[in-house]
Amino acid sequence: MINERVRARAETLVSALDAHMLASFAPDARKELRRFSAGEVAELLGVSTSFLRKLHFDGKAPEVETSSGGRRQYSAEDILALRTLLDTGKAKGSYLPGRRDGEKLQVISFLNFKGGSGKTTSTVHTAQKLALKGYRVLCVDVDPQASLTVLFGFRPEYDFLEQGTLYDAIRYDDPLPLSAVIHPTFFPGIDLAPGGLMLQEFEHETPRALLENVQPAFYGRMAAALAEVEDAYDVVLFDCPPQLGYLTMAALCASTSVLITIVPNMLDVASMAQFLQMCADLLDVVAEAGAPMSFDFMRFLINRYEPNDGPQQQVVSFLRTLFAGEVMIAPMLKSTAISDAGLTQQTIYEVERGQFNRQTYDRALESLNTVNDEIEQLLHDAWRR
Ligand SMILES: Nc1ncnc2c1ncn2[C@@H]1O[C@H](COP(=O)(O)OP(=O)(O)OP(=O)(O)O)[C@@H](O)[C@H]1O
Ligand SMILES: [Mg+2]
């Protein structure tokens, strides 16, 4: 019987995955972020290594761990302490670049209904880079698949099986405040509202809630939940599921900006055309119902880019011709460093350079940094800096 076979395969997989997770992380041990070299810290802070050394020499910088070879190794908390130290006087705002009075919270949805187009990968890399740059980031896992939640070292099927996901904050029946489901993560500067299978309930419950006119309606629920915590963050990132359901619409309607991830091949572009059409139709409906519809920016983010692939080049120039400035200048390179890091639920910013082929790692890092710098610039544009 097919049902029994499916169940058997599910059970085999679940236990194999458990074993894999146990091998990657000790039981109950949370993920821990690696330390950063003086060179990396200087680059993140935008200072020279000699300036950094002098801060230590003058006893101004907090003491940090040293490796057996005597090299300083900084935790992300150390980097943040340095930012706080340096962010004074004339330099105010340049080391702690978060939003200032009058600048509104930036909420970005990573979107596309094509599975595997890189929504989760871009969300997590952007979140981590912005956090390392000193922004206060909230990641919201809008996907019942909960891939983003897993990347932060949680096990949705154990940690939040019954409760504790974003669902509890947007459900129609007695919702919790969003703060009740937000968790700090192993990555300083990033909090997470986890996803999980329970989120699927939102798709099932919304039709009834619409009939019964429960307020706020689905498109207002994510925004209403965010309002409670918005003072605590500079940037919120929504990792959307690969479907255009009520969850995605709710995330979109709470967003100030959208990044549509796209793999440059014709099938994906054709699928994106349909997606955009459906999206526009649905947005028409919710706009009529009164949902806010003004975005600061919308960009196409090219992912899995292979500079030597002729057909891809053509698709990219096709997109740039059609959408001009709406295609991000920086693409995300297709890189085995990104997919290999993903195998152990890590990102390029988490792994040690030494574990990878240097050239492969450096190219992936450079590509992601350029993408994230461009996103940071878009945030600053939205804040009119
Ligand atoms: N630039 C890249 N180079 C190599 N591998 C990549 C790249 N971007 C993403 N991947 C890999 O592709 C897979 C799918 O990516 P990801 O999970 O980010 O897509 P997604 O759009 O979130 O998928 P879904 O629609 O299922 O949520 C992951 O295993 C990821 O490691
Ligand atoms: Mg995803």
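Biologist: In what order do the three strands of the open sheet sit?
Modeller: The order is 1-3-2, with antiparallel pairing. Bear in mind that this is a predicted model.

Biologist: OK, and which strands stand at the edges?
Modeller: Strand 1 (36-37) and strand 2 (65-66) do. Each has a single partner strand, so one side of each has no neighbour in the sheet.

Biologist: How many bridges join strand 1 to strand 3?
Modeller: Two, and those strands run antiparallel, with strand 3 covering residues 72-74. For F36, the bridge partner in strand 3 is Y74.

Biologist: Switching to the ligand. Which residues come nearest to ligand 1?
Modeller: Out of 20 residues around ligand 1, the nearest are K119, T120, T121, P242 and G342. The elements giving two or more residues to that shell are helix 5 (119-132) and helix 14 (336-343).

Biologist: How does the shell around ligand 1 divide into nonpolar, polar and charged?
Modeller: It has 12 polar residues, plus four nonpolar and four charged.

Biologist: Something else: where does M198 lie?
Modeller: M198 is in the loop between strand 7 (190-193) and helix 9 (200-211).

Biologist: And is M198 buried or exposed?
Modeller: Buried, because M198 has 21 C-beta neighbours inside 10 Å, and the cut-off for buried is 20 or more.

Biologist: What does M198 touch?
Modeller: Leaving out residues up to four places away in sequence, M198 touches T165 and Y167. There's also Q145, 53 residues from M198 along the chain, and their C-alpha atoms are 9.8 Å apart.

Technical notes
Residues are numbered from 1 along each chain as its sequence is written. Chains are lettered from A and ligands numbered from 1 in the order in which they are written. This is a predicted model: local features need pLDDT of at least 70, side-chain atom pairs count only at pLDDT 80 or more; totals for chains, interfaces and linings use all residues. A residue is near a molecule or strand if its C-beta atom, placed from the backbone, lies within 6 Å of it. Helices (H or I, at least four residues) and strands (E, at least two) are DSSP runs, numbered from the N terminus. Ala, Val, Leu, Ile, Met, Phe, Trp, Tyr, Cys and Pro count as nonpolar, Asp, Glu, Lys and Arg as charged, and the others, Gly among them, as polar. Two strands pair if DSSP finds at least two bridges between them. A residue is buried if 20 or more other C-beta atoms lie within 10 Å of its own, exposed if 12 or fewer, and partly exposed in between; C-beta atoms are placed from the backbone. Two residues are in contact if their C-beta atoms, placed from the backbone, lie within 7 Å.
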